Amino acid sequence: MQISSVNDVKIYNLSHGKSLPEWLSDRKKRQLQKKDVDIQRRIELIQDFEMPTVCTSIKVSRDGQFILAAGTYKPRIRCYDTYQLSLKFERCLDSDVVAFDILSDDYSKLVFLHSNRYVEFHSQHGHYYKTRIPKFGRDFSYHYSSCDLYFVGSSSEVFRLNLEQGRFLNSLQTDAVENNVCDINPVHHLFATGTSEGRVECWDPRVRNRVGMLDCALSSLTEGTEVQGLPSISALKFNGSLSMAVGTSTGQVLLYDLRSSQPLLVKDHFYNLPIKSLNFHDQLDLVVSADSKIIKIWNKDTGKVFSSIQPQTNINDICIYPNSGMLFTANEDPKMNTFYIPALGPAPRWCSFLDNLTEELEESPESTVYDDYKFVTRKDLENLGLSHLVGSSLLRAYMHGYFMDIRLYHKVKTMANPFAYEEYRKDKIRQKIEESRTQRVQVKKLPKVNKELALKLMEEGDDEAELASRKKKGKALPSILGDDRFKVMFENPEYQVDEQSEEFRLLNPIVSKVGQKRKKKLRLLAQQAAASQQAAEDEEEPEGRASSEEDSSDDDKSWVEEVREQRRLLWQEGRDRRKHDRKEADRNTVLLEREQNGEERTSNSKKTSQPQFYQIKAGEEFRSFNDMARKQRLQKASLEDRLKLEEHCGTSNMADTAVGSKQLTFTLKKSEQQKKQQQAEWEHHEERKKLRRSAGTERGGASSPRVFVLDGQQRHFRHSPQARIKILQRLP
């Protein structure tokens, strides 16, 4: 048995639990009942209350003794005797049952409408007669006063079959293309049929004329309703002589008074599913409406929801046991559900023990629906490594997470963190020890982190406590030291206040002055409280003492001066630090250059003894000759060599500018064509260097003579170079 509570209404699912297969022997069943706890706890109200595959419809006889259900596969009808709490008989049929009805008070007269257009009659012993209607039928109703059966289906006609004469009568011609459902009022026998166009047509069986028509499709549209198609009528039910409920294919239920064409109330299921069944509960003025997903119980006057039932499988039909709180459902499942709601009424006479059972369960704490499940989010599944189970039967989606079996959760949790229990045990022991220590005499101890802040807060807390104690109705404010929200600030070393930081030094004068003001104010309030206890009504300021406003102005001037002094000190420290960094950089550069160029400096030591002159540019500061020489060498070197030299020295050239103090170096990649062109230029320059000759000998110009030694004799030429080459070629 499963217990759930919806809107503070207890709902008992008596069919919940494991079912044993029919082919098991009695010995096997007894063994399973001894071993399996779930089978022991289940309540089998009616034996074998199920179908082989699916149950399509269910009804209760008028005397309340028999429950009949139609299902498949194979198509069959089953009758259960409530006095014996067991199956009375089972009859197989030729085709599926679309609808059936009980014509007598017991099971002796039954009518079945099949899916192959046949109408089959059964008596107490079994099959009695079978006939066929012209069109496929969807529903039928029985008119007791005239013994007429009214069939509606995929036709505009309503076929009439008279059981007293045993023949078909003239059919009723409607304006609809198809008719889905029909019903007959039990008081004045008005016949109503629901059409596929969303209308309800009412006929008087005595004169066979239409007496009225309701357009329910237009009335079912409310504010916020999304129109996806023309709503058709899927359910119809009369209540008394004037009330009628109409269910549409879009999930709305309309309550009508037959004297008005407008609905009294429109109730939306918000699932956009066709209404399958409508029933009235006259004792509490409730309406029980059901679609394939949910059963809603609501007040017919106000529309307020009384309770709701949502089975695990789709619903085909529901049936309320008369004058009780028991409800039967036909589902897309072999098992037919039985729900008992004590708030609707008492248990039937044949199962009166349910009242005592539910009273005992209400007195003792019962397990709710989700006690055996654990709610986990998607992040919890990722931490446990169970993300691959999303979409499987082990996880049931609910809101922003999933429900999973509590046994599976504990098992996976143990595998993911095997030492969790030991850590939990140690934490509990530590908490117990700390609780026992709190009972001892407490000695004020400073924390390990932020001792100065804690001491300051303790002093302020003492002053406030003293002031509150002097007041009659005063209450001391809670201290930060005793607040759990700030305890990490005095335990974690990462929260240690750095008193040498620039922010602290600029803010500390203000905080300290505010603290001093606060102390003065507390001291003044304490003096006033002491004076009030002595019944001093008026109190003048003594001469020679400044007023509080003057004190506050002096304090403001003092903390402003302190902040300025701190800013000046910070600026001076920054300047000294930058000078020191530059000196270190110069020293490292000089030492490195001495190591690299030691041999060169020793060879040129004689030259360096002579005086050297350097030019100082405007805006530069002269520090040393070595620095000027280093700058000149660095200016001739490439950017890459300068950066490598600075990296090797361990210094960084940081320039404070308006846009920042960072440098970015990059190299441009050259294409293959550019590389080849650069290589060709370099080779050409090398070749020209080899062929080039000095022009010092040609200072005289083209008229200066050239002297050549030929055959031991000197000869002078005053010709151009081309002429001289030709002359030399002619010589032997």
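This is a predicted model: local features need pLDDT of at least 70, side-chain atom pairs count only at pLDDT 80 or more; totals for chains, interfaces and linings use all residues.
Residues are numbered from 1 along each chain as its sequence is written. Local features need pLDDT of at least 70, side-chain atom pairs count only at pLDDT 80 or more, and totals for chains, interfaces and linings use all residues, while side-chain values use heavy atoms, with hydrogens and water left out.

**Overall make-up**

The protein has 16 helices and 34 strands. Helices (H or I, at least four residues) and strands (E, at least two) are DSSP runs, numbered from the N terminus. Of its 732 residues, 34% count as buried. Buried means under 20% relative accessible area, exposed means over 50%, and partly exposed lies in between (1.4 Å probe, protein chains only). Contact means heavy atoms within 4.5 Å. Among contacts between residues at least 6 apart in sequence, 44% join residues at least 24 apart.

**Nonpolar cores**

A nonpolar core is a set of buried Ala, Val, Leu, Ile, Met, Phe, Trp, Tyr and Cys residues joined through side-chain atoms within 4.5 Å. The largest one has 24 residues. Ile58, Met326 and Phe328 have the most contacts inside it. Strand S3 (54–60), strand S4 and strand S28 (326–331) each give two or more residues to this core. Isoleucine 58 is in contact with Phe49, Ile67, Phe100 and Phe328, among others, leaving aside neighbours within four places in sequence. Another core, of 15 residues, lies apart from the largest one. Val288, Ile315, Leu327 and Leu344 are among its members. In soluble globular proteins, nonpolar side chains tend to be buried together.

**Aromatic pairs**

Twelve aromatic pairs turn up in a search of the whole structure. Rings of Phe, Tyr and Trp (its six-membered ring) pair if their centres lie within 6.5 Å; planes under 30 degrees apart count as stacked, over 60 as edge-to-face and the rest as tilted. Two of the pairs are set out here.

| Pair | Centre to centre | Angle between planes | Type |
|---|---|---|---|
| Phenylalanine 66 and tyrosine 107 | 4.9 Å | 70° | edge-to-face |
| Phenylalanine 140 and phenylalanine 151 | 5.6 Å | 35° | tilted |

Both pairs link distant parts of the chain. Phenylalanine 66 sits in strand S4 (residues 66–72), and tyrosine 107 in the loop between strand S7 (97–102) and strand S8 (110–114). They are 41 residues apart. Both are buried. Phenylalanine 140 belongs to strand S11 (residues 137–143) and phenylalanine 151 to strand S12 (residues 148–153), eleven residues apart. These two are buried as well. Ring pairs also join Phe49, Tyr80 and Phe328 into a cluster.

**Strand S15 and its partner**

Strand S15 (residues 179–184) is largely enclosed by the rest of the structure, because six of its six residues are buried. Strand S15 runs antiparallel to strand S16 (residues 191–195), and five bridges join them. Two strands pair if DSSP finds at least two bridges between them. Asparagine 179 stands opposite threonine 195 in S16. The hairpin has six residues between the strands, and its histidine 189 takes a positive phi near 60°.

**Aspartate 48**

Aspartate 48 lies in the loop between helix H2 (37–41) and S3. This residue is partly exposed, with a relative accessible area of 33%. Aspartate 48 touches Arg78 and Tyr80, not counting residues up to four places away in sequence. Methionine 336 is 288 residues away along the chain, yet the two C-alpha atoms are separated by 9.7 Å.
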